[in-house]
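The stops below are given in the order in which to select them.

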Amino acid sequence: MVAVVVARTGRQLQRYNDHRRVVVGCIPYRLKGCIKALGIDNALEVLVISAQRKGKGMLFPKGGWELDEKIQDAALRETIEEAGVSGTIECELGKWCFKSKGNDAYYEGHMFPLFVTEQLDQWPEKDIRERHWVSAAKAKESCQYSWMREALDLLVTRLESTI
């Protein structure tokens with residue numbers, strides 16, 4: 001049986017905090033082996049996706065948190081819609097306030113680690129995004145948002161502290 005995932009559209013249900021649109025997302029990751037044995041650089045892979053606007057680099061999946069959702073549910077939904085992966089959401093990495101690169105709007109962003117257990121062949125944004133498993137170092141190099149790079153640093157620190 002194949003599950004069909006349909007992306008939400010519109011912004012009628014979007015959350016705002018002090019006139020800042022609230023967005024949530026995930027850093028999808030997997031481990032190629034034991035961190036203690038291989039080291040974090042060799043064991044950890046993260047999934048980055050292409051921006052919708054061509055030539056705007058890579059990023060982690062994120063999008064609006066809607067009024068009828070729990071924050072973790074919204075982060076997982078956005079990750080399935082944009083990156084086509086699912087898994088186990090872990091404790092929030094943090095909250096960042098940032099200015100949009102495309103306009104003068106300000107946002108509040110929340111990021112969660114997502115330990116990936118399923119990679120879909122079909123997902124809502126498959127035709128408009130590329131996805132790539134890369135090292136944390138490569139993700140930091142290619143990610144266009146400083147707040148997402150900071151969230152990745154927190155994930156790496158958290159994973160290293162578990163060994």
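The tour visits a strand, then its partners, and ends at a helix.

Before selecting anything, note that this is a predicted model, in which local features need pLDDT of at least 70 and side-chain atom pairs count only at pLDDT 80 or more, while totals for chains, interfaces and linings use all residues. Residues are numbered from 1 along each chain as its sequence is written, and side-chain values use heavy atoms, with hydrogens and water left out.

Select strand S3, residues 44-50 (strands are DSSP E runs of at least two residues, and helices H or I runs of at least four, numbered from the N terminus). Of its 7 residues, 7 are buried, where buried means under 20% relative accessible area with a 1.4 Å probe, protein chains only. Show the side chains: Leu44, Val46, Val48 and Ser50 point one way, whereas Glu45, Leu47 and Ile49 point the other way.

Strand S2 (residues 20-31) runs antiparallel to S3 and is joined to it by 3 bridges; here Tyr29 stands opposite Val46. Centre on Ile49, which stands opposite Arg131 in S9 and opposite Leu59 in S4.

Finally, select helix H5, residues 146-160. Its 15 residues should span 21 Å at 1.5 Å a residue, and the end C-alpha atoms are 21 Å apart, which agrees; the expected span is 1.5 Å times one less than the number of residues. Buried residues in H5 include Trp147, Met148, Ala151 and Leu152, and Leu155, Val156 and Leu159 are buried as well.

Terms used. Buried means under 20% relative accessible area, exposed over 50%, partly exposed in between (1.4 Å probe, protein chains only). Two strands pair if DSSP finds at least two bridges between them.
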